[in-house]
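Biologist: Please take a close look at a single chain of this model. I would like the strand pairing first, and then the contact made with its partner.

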Amino acid sequence: MAPKSSDSQSHILNQSDPTTNGSIDPIFHLVRILPYSVLRAPRLRLKLPSLSLPSPMTVFSLVLLTYFMVVSGIVYDVIVEPPGIGSTQEPVTGTVRPIVFMSGRVNGQYIIEGLSSGFMFVLGGIGIVLLDLALDKNRAKSVKVSYASAGVSSIVFSYVMSMLFIRIKIPAYLR
Amino acid sequence: MPPQTMSAKTDATIGVNGTAKSTSNQAPPPMALPANLKSDLLNKLSLKSFKLKTKQQELLLRVSILFLVYVLAFITRLFSVLRYESMIHEFDPYFNYRTTLFLTEKGFYEFWNWFDYESWYPLGRIVGGTLYPGLMVTAALIYWGLRFLRFAVHIREVCVLTAPFFASNTTLVAYFFGKEIWDSSAGLVAAALIAICPGYISRSVAGSYDNEGVAIFALLLTFYLFVKAVNTGSLTWSLASAFGYFYMVSAWGGYVFIINLIPLYVLVLLITGRYSVRLYIAYNCMYVLGMLLAMQIRFVGFQHVQSGEHMAAMGVFFLMQVFYFLDWVKYLLSDKRLFETFLRITVTTTVGLAAVALGVGTASGYISPWTGRFYSLLDPTYAKDHIPIIASVSEHQPTAWSSFMFDFHILLFLFPAGLYFCFKRLTDATIFIVMYGLTSMYFAGVMVRLILVATPAVCLISAIAVSATVKNLAQLLRTKSKVTQGGSSKAASGSKASSKALLDQSQPFQRNGAIALLLGVFYLLSKYATHCTWVTSEAYSSPSIVLAARGAHGNKVIFDDYREAYFWLQQNTPTDAKVMSWWDYGYQITAMANRTVIVDNNTWNNTHIATVGRAMSSYEDEAYEIMRELDVGYVLVVFGGVTGYSSDDINKFLWMVRIGGGVFPVIKEPDYLVNGEYRVDKGAAPKMLNCLMYKLCYYRFGELMTEYGKPPGFDRARGVEIGNKDIKLEHLEEAFTTSNWIVRIYKVKPPNNRW
């Protein structure tokens, strides 16, 4: 019943518009009557941007970036506002020497030391990912070999550097 | 299995090798029979009769690994029990111990309705309505169970060992969870990683009788049951997850994490187009039943419908109903365009109604806004500016990279790799673990204490990385000629013969490479185990109430001053004496010295704490007024100047000033600083040199020689000689100082007799 009456109405008002046939939207009918029985709707060539879900690997790269920031201690940097790099003054000559690692506590850092350690962790993670990519069967052999060697060297490098960093920071580590 | 014995029997009758010798002459059978018997026995005794099928071998391997991991998780937490004794650590566990003692002595109803007049004098504390009873009830149940079996244990032993016991149970839940997300080998690795991970050990060591010990078990159990419910769509698992949520709500205030993560997860599933009836059943059952059960805990009350932190769950609940409704309408309608219009109308109406309801609720005050504790997680700078008491707790500081490294070690490398594997194989379960991992890592970055909540997620995701990598490498080891057949067709070089030769050359290289990489993986995991054990032994096994240091000759020196002071209080003061100290020591004083305190670790009344802070930072006369008002009999301070103990009251003094000054503007922080610097030596501010805390800590200290070659009155914790050595107390007198001067107790003198 309702579609029929709107059908006849739409036939009178807008003969070339097929979308009004059988529309159940009450607001559409209201708006059609009130301003647009007098005004003429302009012909627009607008296209609504279509939102599509990003691919998993795009999301993964964003996640990796966020992980890098969190693990570098960015929240600590924002709240405590440590200097980018520490400094100490030589008692004899008076020259100012930089100190990269804040020593004395486990839960304290300078900005640069946080960022470099975070980079090491992410590099290690990427190394393992490269290792998995190297074992994928659908690639050329040279690519597989280069991925594997890059992966292994990344893991080894980042592990060695991380151990070095923690040993510098906490002299009593593993003793 | 029977063929062996049957053939033995037939051999006995027919003869060996099937020759019919049964009716032959006498000589051979006597010699053949013993030989037959011998081989028969040998066959039975050899392991061939015990040969298990591969499935049974695998089951045996898994069960034995899980058993070993269970035992490992328990014994790695026992360092402090072996080094010192079986005692409760830190501050909060003493309150939990006292309440558990009350529960076992007086029964559940007395416990549930308990009003404690011995703390927060003169306000008192409604204990029944302001604690999470899960931990106490669990320990009491274990205690009653053991007593029923006629094991005469003391409740203290049960309390001390509750946390390691539940840590072992967590490894089992981690195994099942890993099995649900990926496969059983990932589950085994996850169980092994979580058994020794320092992030979890730090709060669940033996003696650390705190809510988190039980809460992490409840958290992982709830998540496992929910993911199982979403995977199977079964009503049983959904109801089980609701009960798991109830246990979590009864155990810890961190249940807010669950009630926000699960709706977020459901939302992500809806956005990625993974709506299904299984999800509908799981979430509805868990939310409705879980909410009703959570309201049984008096401390939580009606927060699930009234508090802003719980509104996300309700919003997603209604959104699910809308999704189900739309799905049903889509099924009924055959016209696609009609359905699209209907969809648009419904979505607009729903969003509009929800916004209106939320607005009305918030504006009328029915829905309370986010509390400071949880709001400071979303906006970390909030606590620093507005709530100094939250900012002062050392566990609430943001996390630096070294804390992450200390608590996770190689898991920090494996976590992004595990995320990659999860993103490669996206299922409902892997989406959940990814979300849990990311949200918990963000919160761990905001607050050091929350590394504990991130640990299970990090262990599970790292286990996926380890398991997938080891599987890949082991597959490389196992491939033999089949790869050459397939690989030669894809070879880039010329003729098939040369390519086959190349691949034949690379086969052993591949195998050697895989073996080397596997050895590397095992090396890394063994370094992880070494690191975890070292960290547990050195950093996380100190009871905090007993201090240890290295003496001059490398021998271990133990400072048991705290317990000495509390015991003195218990023995030498009247039973109704009130003790004033900073809130850190309140729980310990009430539990061990059995005396009434003014403020304790519950910190529920900021003004009361500020009053104490004001008293500590005022001159002696003003402080005496405040102490007379509060009817204080004794004052307790902690002083580390003789031993070099750095967590004493002088180092905490600025927080007393800040908190006191937050409520009473008469206390101003710059009065105690010199050029923005906090000093206690000759150049210190005059207000600092004469305030009550300074006088009580350094009374008679000016005459003491603390270090060879330094003047008397040298403060070893600050490294300076104190400024005001000639201290006279007018309204207090020294009652007791412990053997290493760590705890000092002063008696408040009654007012002079009026003439």
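This is a predicted model: local features need pLDDT of at least 70, side-chain atom pairs count only at pLDDT 80 or more; totals for chains, interfaces and linings use all residues.

Modeller: Two strands count as paired here if DSSP finds at least two bridges between them.

Strand 3 of chain B, residues 547–550, and strand 4 of chain B, residues 556–559, run antiparallel and are joined by four bridges. Within this pair, B:Ala549 stands opposite B:Val557 of strand 4. The two strands form a hairpin with five residues between them. One residue of that turn, B:Gly554, has a positive phi of about 85°.

Chain B also has an open sheet of five strands, in the order 6-5-7-11-10 and with mixed pairing. Strands of a sheet pair through backbone hydrogen bonds, in either a parallel or an antiparallel sense. For strand 7 (residues 634–638) and strand 11 (residues 743–748) of chain B the sense is antiparallel, over five bridges. Across that pairing, B:Val635 has B:Tyr746 of strand 11 as its bridge partner.

A UniProt annotation from an unreviewed entry, "domain: STT3/PglB/AglB core", covers residues 578–635 of chain B. Over residues 578–635 the chain is 52% helix and 12% strand. The end C-alpha atoms of this stretch are 9 Å apart.

Next comes the contact with chain A, which takes 52 residues from chain B and 55 residues from chain A. Together the two chains bury about 4,700 Å², of which 76% is on carbon and sulfur atoms. On the chain B side, B:Trp401, B:Phe413 and B:Tyr420 supply 18% of the area buried against chain A, more than any other three residues.

Between the chains there are 11 residue pairs in polar contact, counting residues at pLDDT 80 or more. The side of chain B that touches chain A draws at least two residues from each of several helices, including helix 17 (336–364), helix 21 (401–408), helix 23 (428–446) and helix 26 (496–538) of chain B. Helix 22 of chain B gives the largest share of this side, 11 residues. By class, the side of chain B that touches chain A has 34 nonpolar, 14 polar and four charged residues.

The count of salt bridges between chain B and chain A is one. This salt bridge is formed by the side chains of A:Asp132 and B:Lys424, at 2.9 Å from N to O.

Key. Residues are numbered from 1 along each chain as its sequence is written. Chains are lettered from A and ligands numbered from 1 in the order in which they are written. Side-chain values use heavy atoms; hydrogens and water are left out. Contact means heavy atoms within 4.5 Å. Buried area is the accessible area (1.4 Å probe) that two parts lose on being put together, summed over both. A salt bridge is a side-chain nitrogen of Lys or Arg within 4 Å of a carboxyl oxygen of Asp or Glu. A polar contact is a pair of N or O atoms within 3.5 Å; within protein, one must be able to donate a hydrogen and the other to accept it, and residues adjacent in sequence count only if both atoms are side-chain atoms. Ala, Val, Leu, Ile, Met, Phe, Trp, Tyr, Cys and Pro count as nonpolar, Asp, Glu, Lys and Arg as charged, and the others, Gly among them, as polar. UniProt positions are given in the numbering used here, feature names are shortened, and annotations may be inferred rather than shown by experiment.
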